[in-house]
Amino acid sequence: MKKVEIILIGAGEHAKVVYDGLTDMGVVVTAVVDPNPNRAFEHLPSYAQYDSSIADYAKAIISIGNNSARQQVEKQVKHAFANFIHTSANVSKKISLGMGCMIMQGAVVQVDSQIGNHVLINTRASIDHDAKIGSYVHIAPGAVLCGRVTVEEGAFIGAGSVLLPGIVIGKWAIVGAGSVVTKNVPDGATVVGNPARIIKTKTL
């Protein structure tokens, strides 16, 4: 990855952390794309709208924390996507990893896990063996996923939450921060508490 230049699509607070990690690893960030870029990027070429001609030799990372926003932005991007795996992350060599993923500082991903596209595994999150993580998922800081957990497309796993072995989290579901999930969560549901309980459900 150090031989590839990167453009960041999204220049908010999450992008600032991605940028810091990339530069810490010696990766060159060539440009950022965002209508309201963070001050951290004032020294870089900045574009309000994406265009495929922007540094067309570079690869892109959608550095946006919001799951649905990453999904929508992906549809517009013609650049090839790079994965960002910070050097402090502990990621097994025996995993399946999609494109455009961000595995942040101190995160752990164990053997035989399957990670989809544009997944964000945030600071110090832990994913144990044989997990299945769908595209556009966000595993927030400090979340713990025990073995054989499945998190389907677009779901959000809140900071400090714990998912017991074999749990299935449905598409675009939300697990509140600090929750302990002992039962499967259906598509579109929001769960909170210990043990986690459903507080609302949206139709997908």
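Modeller: One term before we start: a residue is called buried when its relative accessible area is under 20%. By that cut-off, buried residues make up 49% of the 204 residues in this protein. Keep in mind that the model is predicted.

Let's take Leu8 as the part to zoom in on. You'll find Leu8 in strand 1, which covers residues 6–9. Leu8 counts as buried because its relative accessible area is 0%, and the cut-off for that label is 20%. Leaving aside neighbours within four places in sequence, Leu8 is in contact with Ala15, Val18, Tyr19, Leu22, Val29, Ala31, Val32, Val33, Phe41, Ile61 and Ser63. Val33 is worth a click: Leu8 and Val33 are 25 residues apart in sequence, yet their C-alpha atoms are 6.3 Å apart in space.

If you search the whole structure for aromatic pairs, you get one. That pair is Tyr19 with Phe41: the ring centres are 5.4 Å apart and the planes sit at 75°, so the arrangement is edge-to-face. The pair links distant parts of the chain, with Tyr19 in helix 1 (residues 13–24) and Phe41 in the loop between strand 2 (29–33) and strand 3 (46–47), 22 residues apart.

With a relative accessible area of 14%, Leu44 is buried. Beyond residues up to four places away in sequence, Leu44 touches Tyr19, Val29, Thr30 and Val32.

Ser63 lies in the loop between strand 4 (59–62) and helix 2 (67–74). Ser63 is buried, since its relative accessibility is 2%. Setting aside residues up to four places away, Ser63 touches Leu8, Ile9, Gly10, His14, Ala15, Val18 and Met102.

As a general rule, most residues other than glycine have a negative phi, and most peptide bonds are trans. Asp130 has a positive phi of about 60° although it is not a glycine. Asp130 is in the loop between strand 12 (126–127) and strand 13 (132–133), and is partly exposed at 34% relative accessible area. Trp172 has a positive phi too, near 55°. Trp172 sits in the loop between strand 19 (168–169) and strand 20 (174–175), and at 17% relative accessibility Trp172 counts as buried.

The peptide bond to look at joins Asn194 and Pro195: it is cis, with omega at about 0°. Pro195 is in the loop between strand 22 and strand 23 (197–201). Strand 22 itself covers residues 189–192 and includes Thr190. Thr190 is buried, with a relative accessible area of 10%. Apart from residues up to four places away, Thr190 touches Ile174, Arg197, Ile198, Ile199 and Lys200.

Finally, zoom out to the whole chain. The protein has two helices and 23 strands. A compact globule with 204 residues would have a radius of gyration near 17 Å, and the protein agrees with that at 17 Å. Along its principal axes, the C-alpha trace spans about 45 × 35 × 25 Å. Of the contacts with a separation of 6 or more, 26% are between residues 24 or more positions apart. The accessible surface comes to about 9,500 Å², and carbon and sulfur atoms hold 49% of that. As for charge, there are 18 positive and 15 negative charges, and their mean positions are 6 Å apart.

Note on methods: Residues numbered from 1 in each chain as written. Predicted model: local features only at pLDDT ≥ 70, side-chain atom pairs only at ≥ 80, totals over all residues. Heavy atoms only, no water. Helix = DSSP H or I, 4+ residues; strand = E, 2+ residues; numbered from the N terminus. Buried < 20%, exposed > 50% of the residue type's maximum accessible area, 1.4 Å probe, protein only. Contact = heavy atoms within 4.5 Å. Phe/Tyr/Trp six-rings, centres within 6.5 Å; stacked < 30°, edge-to-face > 60°. Rg over C-alpha atoms; globule rule 2.2 N^0.38 Å. Areas by Shrake-Rupley, 256 points an atom, 1.4 Å probe, with all protein chains shown as cover. Lys, Arg positive; Asp, Glu negative; His and termini not counted. Charge placed at Lys NZ, Arg CZ, Asp CG, Glu CD.
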